[in-house]
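Here are some friendly notes to read alongside the model.

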Amino acid sequence: MSVLQIGAGGVGWVIAHKCAQNNDVFGDITLASRTISKCDKIITSIKGRNNLKDPSKKIQAVTVNADDVDALVKLINEVQPDLVINAGPPWVNVAIMEACVQTKTAYLDTSVATDLCSPGQQVPEAYDPQWAFAERFKEAGITGILSAGFDPGVVSVFAAYGHKHLFDEIDSIDIMDVNAGDHGQKFATNFDPETNLLEIQGDSFYYENQEWKSVPCHSRMMEFDFPVVGPQKVYSMAHDEVRSLAQYIPAKRIEFWMGFSDNYLNYFNMLRDIGMLNPNPITTSDGITVKPLQVLKAILPDPTSLAPGYVGKTCIGTWIRGKKDGKAKSVFIYNICDHKESYIEVEHQAISYTTGVPAITAALLYFQGKWNDVGLFNVEQLNPDDFLDLMPRIGLTWQVQELEA
């Protein structure tokens, strides 16, 4: 058995560690990135943390341009993996899926292919470029698992679990994400700055009464009393899973909320107002063409560099309200993850850890024959019980908190 992992950022770092911890199942591991030194650094960390469970299995680094379908096909044919794990940025998803279809290789990713704030790529259209592969995956006889991170990913599994076991009728699903940690920087992003800052500057889209509604970013706020980390301000945001949950889980309203400190929003608003969050190329007065957002990415701290000094916890979960046996019911299904503990285990912070562990949980279920049906699936379409039984053994626990209905 073998796996090919494409992507060596923060999430890729954790996925690779978790692959190595379970290489008695996954077999040989190939890490691929445009920058091979990133892969080499991860391999050094894995060996330094003694996270290679079976030392007889191979772990190697290779170079690939994930935008180049022909290069991807060539690499897949050389490695011949049983599964391709896409840990790259969202905009390479379609190219990697195309390569997997052409080579008839199973596929798994952690996020949607669209940037969620460009015309035609907003939440109502999210997943359209990837769902377009559905028939081709069936024809190729392969499995595709979409958005097996945390949000999207685990929060969608929580919703499926609630729908299956806890509710007869769902009024609302609110995805709640707060990072109560401290990395010591005045301003930084916890994962790829391009992905992060594109994601949070677009209008928020939410689903209500079978219609899509939108409000400007950070204009819709509420306070929520989170377990362990306490009361936090959260803001309505456009996010991947709102689209897939609206497709697969019956609910009257579905919305995503993320916590931001006042300090973070002050920096964000200033950068947006002066044009530094613009992803499009501009030409300076002396004829130099740049993309402001990519310049900002080069200036900001690498998310990987934040890990050593990160302290505090994250709390991410799914708040579901509805009825069970004719009575009003409200529950919050959630996970708490500690930044320092994540670093001790895999030399990375909790934001990446909470995305990497679910990806490996889904990958193991694929290898175990539990999540391996032929076709293309979002995680909420698959059996939540198998996933939630396995995930704590891979590194993330979960709880159900009953709230006042």
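1. A word on terms to begin: buried means under 20% relative accessible area, exposed over 50%, and partly exposed in between, using a 1.4 Å probe and protein chains only. Helices (H or I, at least four residues) and strands (E, at least two) are DSSP runs, numbered from the N terminus.

2. On provenance, this is a predicted model, where local features need pLDDT of at least 70 and side-chain atom pairs count only at pLDDT 80 or more, while totals for chains, interfaces and linings use all residues. Residues are numbered from 1 along each chain as its sequence is written, and side-chain values use heavy atoms, leaving out hydrogens and water.

3. Have a look at helix α5, which spans residues 93-103 and is mostly covered, with nine of its eleven residues buried. Among them are Ile96, Met97, Cys100 and Val101, along with Asn93 and Glu98. Just after α5, Lys104 adopts a positive phi of about 55°.

4. How many disulfides are there? If a disulfide is a pair of cysteine sulfur atoms within 2.5 Å, the count is zero. Cys100 counts as buried, since its relative accessibility is 0%. Cys337 is in no disulfide either, and the nearest cysteine sulfur, that of Cys315, lies 11 Å away. With 5% relative accessibility, Cys337 also counts as buried.

5. Next, strand β5 (residues 106-109), where you will find Leu108. Leu108 is buried because its relative accessibility is 0%. Taking contact as heavy atoms within 4.5 Å, and not counting residues up to four places away in sequence, Leu108 touches Leu83, Val84, Ile85, Asn86, Ile145, Ala148, Ala359, Ala362 and Ala363. Leu108 and Ile145 are 37 residues apart in sequence, yet their C-alpha atoms are 4.7 Å apart.

6. Finally, the cores. A nonpolar core is a set of buried Ala, Val, Leu, Ile, Met, Phe, Trp, Tyr and Cys residues joined through side-chain atoms within 4.5 Å. The largest has 124 residues, of which Ile173 and Leu197 touch the most other members. Helix α14 (residues 350-367) gives the most to this core, with eleven residues. Apart from it lies another core, of 13 residues, including Met222, Val229, Phe332 and Ile336.
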